Amino acid sequence: EKTGGDAGEEVRKLARVLRSDLRDIYDNVMGTLVKEKPEWFAPPDGYFGKDQPVENGKEIEWIYSYENFRWAFALVISRHHYLPISDFDDEAGRRVVLPKKP
């Protein structure tokens, strides 16, 4: 039987894997979007430099930044857990009803 310390280490390992997977998802999706439609998805000039670009005295925020992606991902995941969507379409177009949480 695992002790609390062992379970804690397993949770930390899982969190590292999830962070890595999330970064891979972001890099793959944004890489494709920026390549295909840079006028819509590319970061502002100088965004990844030492100093963030400034406009009217404020740093310019990139809507598609990794930080915003993580926030949106957390929002979607928390909504799924706390306000489950009752159904989704499966790959064949059929409705799949998710079981209700107790």
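1. A42 touches V34, K37 and W62, leaving out residues up to four places away in sequence. A42 itself belongs to the loop that runs between α2 and β1 (54–55). The C-alpha atoms of A42 and M30 are separated by 8.6 Å, and these two residues are twelve apart along the chain. Is A42 buried, exposed or partly exposed? The relative accessibility of A42 is 30%, so A42 counts as partly exposed.

2. The model is predicted, and confidence should be read before the details. The mean pLDDT of the chain is 76, and 66% of the residues reach 70 or more. Which elements have the lowest and the highest confidence? The lowest is strand β3 (residues 87–89), with a mean of 51. The highest is helix α2 (residues 38–41), at 91.

3. On the overall layout, the chain has three helices and four strands. Read from the N terminus, the order of the elements is α-α-β-β-α-β-β. Of contacts between residues at least 6 apart in sequence, 25% join residues at least 24 apart.

4. On surface and burial, 9% of the 102 residues count as buried. The chain has an accessible surface of about 8,900 Å². Carbon and sulfur atoms account for 58% of that surface.

5. Which residues make up the largest nonpolar core? There are seven: L22, Y26, M30, F41, Y47, W62 and Y66. Helix α1 (residues 4–36) gives the most to this core, namely three residues.

6. On aromatic pairs, the chain has four. One of them joins Y26 and Y66 in an edge-to-face arrangement, with 5.2 Å from centre to centre and 65 degrees between the planes. Why does this pair tie together parts that are 40 residues apart in sequence? Y26 lies in helix α1 and Y66 in helix α3 (residues 66–82), so the pair links parts of the chain with that separation. Y26 and Y66 are both buried. Ring pairs also bring F69 into a cluster with Y26 and Y66.

7. Why does S65 count as buried? Its relative accessibility is 4%, and the cut-off for buried is under 20%, so S65 counts as buried. Neighbours within four places in sequence aside, S65 is in contact with Y26 and Y47.

8. W40 lies in helix α2. Is W40 buried or exposed? W40 has a relative accessibility of 55%, and the cut-off for exposed is over 50%, so W40 counts as exposed. The charged end of K37 sits over the ring of W40, at 4.9 Å from the ring centre. K37 also touches A42. W40 and Y64 are 24 residues apart in sequence, and their C-alpha atoms are 10.0 Å apart in space.

Methods
Residues are numbered from 1 along each chain as its sequence is written. This is a predicted model: local features need pLDDT of at least 70, side-chain atom pairs count only at pLDDT 80 or more; totals for chains, interfaces and linings use all residues. Side-chain values use heavy atoms; hydrogens and water are left out. A nonpolar core is a set of buried Ala, Val, Leu, Ile, Met, Phe, Trp, Tyr and Cys residues joined through side-chain atoms within 4.5 Å. Buried means under 20% relative accessible area, exposed over 50%, partly exposed in between (1.4 Å probe, protein chains only). Helices (H or I, at least four residues) and strands (E, at least two) are DSSP runs, numbered from the N terminus. Contact means heavy atoms within 4.5 Å. Accessible areas come from the Shrake-Rupley method with a 1.4 Å probe; for residues, only the protein chains shown count as cover. Rings of Phe, Tyr and Trp (its six-membered ring) pair if their centres lie within 6.5 Å; planes under 30 degrees apart count as stacked, over 60 as edge-to-face and the rest as tilted. A charge sits over a ring if NZ of Lys or CZ of Arg is within 6 Å of the ring centre and within 35 degrees of the ring normal. pLDDT is the predictor's confidence in each residue, from 0 to 100.
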